[in-house]
Amino acid sequence: MPFPETIPVKYSEEEAEFISMRPLVRQTFRPAELVDMIVAVTGKDAQRVQQILRSGTIVFHSYRYWWPGFDAEPDKLAEILARYPDANPARHFRPEDCTEAILESRAASAPDAMLQTSAPRHSLRLRRGDASRKRLFRSRSLWDALMDLARPGPPAYREYSYALRADIYILHPTAAQLARLARDAVQYSPRSLRPHLAILPSISQVVFVCPRPVPDGTGPRR
């Protein structure tokens with residue numbers, strides 16, 4: 001079946017375990033816009049994207065979307081998906097491409113041995129624009145200290161994230177690197193970030209986010 005030229009879409013805030021009383025909003029999507037939203041959830045998986053187009057519903061950024069389900073023409077769907085980047089482990093990490101660093105703590109063991117779960121991981125997202133702000137009379141920033149983590153050995157390539165529209169790199173810092181980062185954070189971090197940096201001693205990995213271009217004509221970003 002050919003893609004419709006436009007697709008009527010309704011959406012409302014998702015309310016888990018309750019019948020939503022939120023108002024429905026109506027919007028018209030182009031095929032590429034609808035596929036773009038689905039790819040952000042599923043990745044570049046033609047079979048999964050086709051299944052969701054057929055089902056006519058998806059949850060995206062805490063909103064539930066509905067449209068008249070249809071069987072998309074495989075050739076047309078393949079043409080749209082071909083515009084998206086693929087994972088490329090040969091891409092070397094370049095600090096100048098990085099726009100965000102996500103500091104993730106290790107999951108702590110549950111204090112009660114009878115519990116089968118462990119404490120959740122915690123994370124802190126530091127965007128380059130925020131972490132690059134320099135304190136008065138300081139020549140370096142917290143972002144400089146974060147990029148220093150990648151100098152002894154480059155972070156490992158993990159994947160292309162369709163949700164973040166970026167190549168993802170992972171680094172597991174040593175205890176010495178974390179200690180230095182904690183010292184640098186005291187010296188260089190802007191006042192607005194300092195309350196959030198208590199996570200530093202428990203950091204187990206740093207995720208570096210390096211955006212890569214995606215198609216024009218994207219769907220809504222809530």
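Student: Why is Tyr162 called buried?

Tutor: Its relative accessible area is 15%. Buried means under 20%, exposed means over 50%, and partly exposed lies in between (1.4 Å probe, protein chains only). So Tyr162 counts as buried.

Tutor: A word on the source. This is a predicted model: local features need pLDDT of at least 70, side-chain atom pairs count only at pLDDT 80 or more, and totals for chains, interfaces and linings use all residues. Residues are numbered from 1 along each chain as its sequence is written, and side-chain values use heavy atoms, leaving out hydrogens and water.

Student: What makes Tyr160 and Tyr162 an edge-to-face pair?

Tutor: Rings of Phe, Tyr and Trp (its six-membered ring) pair if their centres lie within 6.5 Å; planes under 30 degrees apart are stacked, over 60 edge-to-face, the rest tilted. For Tyr160 and Tyr162 the centres are 4.9 Å apart and the planes 70 degrees, so the pair is edge-to-face. Tyr160 is buried too, at 4% relative accessibility.

Student: What makes the pair of Phe29 and Tyr65 tilted?

Tutor: The angle between their planes is 55 degrees, and the centres are 6.4 Å apart. Phe29 lies in strand E2 and Tyr65 in strand E4, so the pair ties together parts 36 residues apart in sequence. Strands are DSSP runs of E, at least two residues; helices are runs of H or I, at least four; both are numbered from the N terminus. Both Phe29 and Tyr65 are buried. They also belong to one aromatic cluster with Tyr11, Phe60 and Tyr63.

Student: How do you know which residues Ile7 touches?

Tutor: Contact means heavy atoms within 4.5 Å. Not counting residues up to four places away in sequence, Ile7 touches Gln27, Thr28, Phe29, Pro31, Leu34, Trp67 and Phe70. Ile7 is buried, with a relative accessible area of 1%.

Student: Why are the buried residues of helix H2 said to be on the same side?

Tutor: Val49, Gln50, Ile52 and Leu53 are buried in H2. They cover an arc of only 165 degrees around the axis, which puts them on the same side of H2. The arc is that of the directions from the helix axis to the C-beta atoms.

Student: What makes E6 and E7 edge strands?

Tutor: The open sheet has the order E6-E5-E9-E8-E7. E6 and E7 each pair on one side only. Two strands pair if DSSP finds at least two bridges between them. E5 and E9 have six bridges, so they pair.
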